[in-house]
Amino acid sequence: MAHVHYLKIEGRSIGFLALLALLGVLIAIGVGAALYMEHNGHWVTGMSNQVIWGTPHVFAVFLIVAASGALNVASIASVFGRQLYKPLARLSGLLAIALLAGGLAVLVLDLGRPERLIVAMTYYNFKSIFAWNIILYIGFMGIVAVYLWMMFERRFNDYTKTAGMAAFLWRLTLTTGTGSIFGFLVSREAYSSALLAPMFIILSFAYGLAIFLLVLFAATRWTGRPLGDVMVTRLKNLLGVFVASALYFVVAYHLTNLYMTGKHDLERFILLDGGVYTRLFWIGQILVGGVLPLVLLYSKLGRSRYMNALAAVLVIVGGLAQMYVTIIGGQAFPMPLFPGKEASSSFFDGVVASYTPSLPEILLGIGGIGIALGLTVFAIKILPFLPQSLADADVDPHYKAT
Amino acid sequence: MRTLNLQRILASLVLATGLAMASSASLAHEKEGIESGLSGRVPMPVHNANTDKGDECVQPEEVMRRDHMKFILHQRDKTMHEGIRTTQYSLKNCVDCHADAKTGSVLGKEGFCESCHAYAAIKLDCFECHSAVREAAAVTPPSAARNLVSPQKMAGVPVKGKKHEH
Amino acid sequence: MNINRRQFLGMGGAAVAAVTLAPGFKLIELAQARSPEEATSSLHRWGLLIDSSKCADGCTSCVSACADENGIQSHNRPATDAQWIRKVTLKDKQTGHVQTLPLMCQHCEEPPCVDVCPTGASFKRADGIVLVDKHICIGCRYCMMACPYKARSFIHEVTTGQKSHAPRGKGTVESCTLCVHKVDRGDGSTACADACKKEGHEAILFGDLKDPSSEISKRLASQPSTQLRADLKLNTGVRYQGI
């Protein structure tokens, strides 16, 4: 296998500085939105006592799930020994850390008392999956950092496999924990399911790879580094597999619910008359996030890079829609406190809770994306994360020009 | 080599002298009290003591100045989790006693808690949730609540009327 | 030993008196306030019994009493205003029968909110009252997601005018405290129960679930009652009759 050369990007062009500036502005706006929310209290947002977690959590959970999925490419190389993916492993690790940082930042900045983060790090209730997640998230950053170090430093390259395995197992635990945040809750009908943990794992595969693909396209194109079809074909086919698997889990989840009479109200709400949630489910999650990307990736259109990139964008949009339906739709649906009765109260019992994303929430979420991408852009300038060439000849030892 | 050594020795001498001066200055400040010699960009803390409750707090002033958070933190856990509602270190009792005679509150420009915290530039978090207003007379007169064998008088000067002079 | 009839009768009378009076002494001991230095213990478990058939449609005295007692103010934003207790109107989908009942934190024995709190701020006291330690609450609202009764509220704005016995502030979560300050004082009831009694409905009864001689225990032992969402097996401290 040809030796891979990694090179820092030059990072002196106007385009690069403009990109950094843009991301910086997004971050600043996000932080400003968080300060506004914290200072005035959450009444300035769309979140309420009925829809408790809103748009920031949609973005945060999406970013965190995508972060563990972004590490996939490196895992395939280190854990499953596919040499073809090895040149991408560094970028994969970087993206994993950056996306996680972005997601966590949004989560922390949305807390009612963000200044008490130190309390969250020092008072632990070990029965809480949330507490475990704090440990898992921080540990993930550390383990991936060590993994990257093993890859960067020549004399440690032999340990890459061990570190990669550790990172792989850790991120499976982490995503299980993230899915379990919802899966462990008995309170709401849409949650309380063991299926949510593995579903989140498969979603992470899809979201993470979609983001990875887009970042790879952009990074190689804007730095003028070659990216061959062999690599792209492999990645886009893999993305298709993940999207199809994610669809399978969604089908399994809803099919099971549809079988249970008790869950029919919930299914009718999501699949039929839930208004915005129904539209987001069918159009956003299934069509845009599932069917269309599969068509784009596996049909003849799949040969075009632009179509591949579009498919990745659609997967991301569909993923956000899926998070919205799960997190917000799951809360909007009334809690089954009194089966067989119509309930009404001053606390919105028995009715679908109304929720509109507010501007501060959206800006905070976008700020998280800014943090994730900003960290990535900054890092590839200061350290050699990107391979110099991913052309077919450089990547595939058996390549023969046709 | 010799000159290098000499420079190092001189530098450390200057540093040591500076530190010594600074620490002695702060010690002097403590001795004289915080009202000595400083021009007032930040208003001095105000202590409109309610002497009708006695002129002693539940602990001596020097102890309270440094360690009042220790007592508060310990008490809050006991009250919250075990329901122990003794009054000696109860925040409510502190407020009931230290509340300003006019405003009835420990906050405000001349509030007992806020004026000192503003001077020391330490954010007061308690009264985001806790009431800062005296609701009733303090439950136990402080001097009876003290658990020391020989209560220490506040350093130096006895209390004259409303303002403490040090 | 040789005792005459008078002595025997005297001893018997004393024994009977002792047996009669002893439970009364125990009652008095339980009803007295716990002294402030004493920690709570699991010897008691405080709870409520709510009789929906006595709850009057349109009456919200319990809600106003709770707001009054704990300093809860309305900001005219019903979606985000805190509500520790609410009146729920139920209409049977099949029969059309309408009833009302008050709903508050159920003070479960196995509270999901306590399980999920990352810092341990949501906790259960030894005597069964579920509380939020707002000193360590970080405002993540996970307990609100977890509560099967939607009992918790998040404080969405700067708060003023707190009662000294009920601290509450922006950015933390809160719920019905079962009037813990009144319980510790030995008042023997909650604000909502008192208000309901004052209105003459007596739909809410407060008491010690572990004391077999308390009125609440006697009623629970002799009449049918149920928990809300009993299938979750949380063993709530608030029980309902008439639903």
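User: What makes the crossing of helix 7 of chain A with helix 8 of chain A left-handed or right-handed?
Analyst: In this predicted model, helix 7 of chain A passes helix 8 of chain A in a right-handed crossing. That label applies when the near helix is turned clockwise from the far one by less than a right angle.

User: Why are helix 7 of chain A and helix 8 of chain A called oblique to each other?
Analyst: Their packing angle is about 125°, with the axes 7 Å apart. Roughly perpendicular covers 65 to 115 degrees and roughly antiparallel needs over 145, so the pair counts as oblique.

User: Which classes of residue make up that contact of helix 7 of chain A with helix 8 of chain A?
Analyst: Helix 7 of chain A brings residues including L172(A) and F182(A), and they meet a set in helix 8 of chain A that includes M199(A) and F200(A). By class, there are seven nonpolar, seven polar and no charged residues.

User: How do you know how helix 9 of chain A and helix 12 of chain A are oriented to each other?
Analyst: Look at the angle: the axes cross at roughly 30° and come within 11 Å. Angles under 35 degrees count as roughly parallel, and therefore so does this pair. The crossing is left-handed. Among the residues making the contact are V232(A) and K236(A) of helix 9 of chain A, plus R305(A) and N308(A) of helix 12 of chain A. The contact residues split into six nonpolar, one polar and two charged.

User: What pLDDT does chain C average?
Analyst: Chain C averages 92, and 91% of the residues score at least 70. Over residues 24-29 of chain C, though, the pLDDT is below 50.

Notes. Residues numbered from 1 in each chain as written. Chains lettered and ligands numbered in written order. Predicted model: local features only at pLDDT ≥ 70, side-chain atom pairs only at ≥ 80, totals over all residues. Axes fitted to C-alpha atoms, helices over the stretch in contact; angles between N-to-C directions. Helix = DSSP H or I, 4+ residues; strand = E, 2+ residues; numbered from the N terminus. Contact = placed C-beta atoms within 7 Å. Nonpolar A, V, L, I, M, F, W, Y, C, P; charged D, E, K, R; others polar. pLDDT = per-residue confidence, 0-100.
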